[in-house]
Amino acid sequence: MVDFPPRRKPSRKGSMADVPKDLLDQIKELERLFSVDQAKLKEVTEHFVKELEKGLSVEGGSIPMNPTWVMGYPDGYETGTFLALDMGGTNLRVCEIVLPEEKGEFEIIQSKYRMPDELKAGDSEELWEYIADCLQQFIEYHHEVEDLEQMDSKLPLGFTFSFPATQDYIDHGVLQRWTKGFDISGVEGKNVAPLFEAALEKRKLPVRLSALINDTTGTLIASHYTDDTMQIGCIFGTGCNAAYMENCGSVPKIAHYKLPPDMPIAINCEYGAFDNELVVLPRTPFDVVIDNDSPRPGQQAFEKMIAGLYLGELFRLVLVDLHDNKCGLFDGQDISKLRRPYSLDASFLSFIEEDPFENLSETGELFAKELSLNASKPELELCRRLAELIGTRAARLSACGVAAICKKKNIESCHVGADGSVFNKYPHFKARGAQALREILDWPEGKRDPVSIRAAEDGSGVGAALIAALTIKRVKAGNLAGIQNTEGMI
């Protein structure tokens, strides 16, 4: 998760009147590099639609389009007590969710545990042991039992595992590749469910894994639970992704299951991998550097241009290049702090974009404090414009994924539930994304947007619990498609 500061008052409009010509020339070049016009947005979206289709085919494509075995939406009348485990990029969250009899309502208690950096590149067993430890602490604290084995029944758990995984069953998931800075050996290509269950069994925890889900699928289900016009769930945070409900008959790669063609199934797109072949994405030389220096070059091409993990690094790379090769930015100063890879995150850009003062005094203080740099007013104006360009490009490209799903499914009007630190906290991200959707889908001026991106419900907590509830509900109804282990479910 990208850590953003609290929101401040609306930002000022800068003036370039006092910016020297050499810096103005560099700003114009940056505008050329980072701007994405309407024609390019439409080109990206059209290719996106084709790639979504390809991902559903037997042959597959760059976008995994993973079937999740979530077979339909909740009706709002699901009931019971459920655990939810949310394993993200920064924190581990454990929740207990009670779904009462009132339609669309829920109660939640939760605790967060820091995901130690050393675990992200450590040993597989250490990771699962740590997760089981946190779960044990949570249950012992909230259930006040001395002997966990004496609890009456096992609590059903929805595990939000927010990494690309293929699922032959809803309680099963083979990790395709680590993302979000994780690189633990011996897990890729393996089913993570038994690895997790072994750690639970070792501690005799009264927990039963009912569903393994992705945070984006959870966002779709949780948002629809409280607003039945929500048809797409999105994450714009450390990474990016979307999920939507497809018909089984439109997913050729699961045709061998012989499911009713009109039966719904949620698809976890994992579209951070869109255009790994680099057919349409408008990459800059700085995007190329980010990709080449990443743990997985050639992968997650789309994500590396729009996700919070990379926005600060893009900004940093441009500033270093301007200092070394172009216009002598921060000339004569020690930029050693600026040379550290990933030393700036998206919150740094957010702070700059929200500086309300004409002289950019808060931005100047930020550079002095974080980077030990004394920036002139013209240099601050360039930095401000660069932050706007990077943030705007991210928001505009993000809209292409949403527009592509709408085009593919012929959705003319719906709500889109979005979550993630960039969507929720980066200034102007929502407005810039909405403007891009208008340009891509050619909506008439002056009318309400038919597709509206809104704040989502808690997908990785409430969504995980709901999917666990839906899975148990399906077992009771005898619909066992995509469920591996039904023992103890009812």
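Mentor: Buried means under 20% relative accessible area, exposed means over 50%, and partly exposed lies in between, with a 1.4 Å probe and protein chains only. The model is predicted: local features need pLDDT of at least 70, side-chain atom pairs count only at pLDDT 80 or more, and totals for chains, interfaces and linings use all residues. Residues are numbered from 1 along each chain as its sequence is written, and side-chain values use heavy atoms, with hydrogens and water left out.

Start with the cysteines. A disulfide is a pair of cysteine sulfur atoms within 2.5 Å. The search of the whole structure finds zero of them. Take Cys 95. Its closest cysteine sulfur belongs to Cys 134 and is 13 Å away, so the gap is too far for a bond. Cys 400 is in no disulfide either. For Cys 400, the nearest cysteine sulfur is that of Cys 240, at 11 Å. Cys 400 is buried, because its relative accessible area is 0%. Cys 95 is also buried, with a value of 0%.

Strands are DSSP runs of E with at least two residues, and helices are runs of H or I with at least four; both are numbered from the N terminus. Strand 3 covers residues 91-99. Seven of its nine residues are buried, which leaves the strand mostly covered.

Next, the pairing. Two strands pair if DSSP finds at least two bridges between them. Strand 2 (residues 80-87) pairs with strand 3 in the antiparallel sense, over eight bridges. A hairpin of three residues joins strand 2 to strand 3. Across this pairing, Thr 81 stands opposite Val 98. Strand 4 (residues 107-114) also runs antiparallel to strand 3, and eight bridges join them. There, Val 94 stands opposite Ser 111.

Finally, Tyr 244, which lies in strand 10 (residues 240-247). Tyr 244 counts as buried because its relative accessibility is 1%. Contact means heavy atoms within 4.5 Å. Beyond its neighbours within four places in sequence, Tyr 244 is in contact with residues including Leu 56, Met 65, Leu 220, Ile 265, Cys 269 and Ile 405. A polar contact is a pair of N or O atoms within 3.5 Å; within protein, one must be able to donate a hydrogen and the other to accept it, and residues adjacent in sequence count only if both atoms are side-chain atoms. The side chains of Tyr 244 and Glu 246 make one at 2.8 Å.
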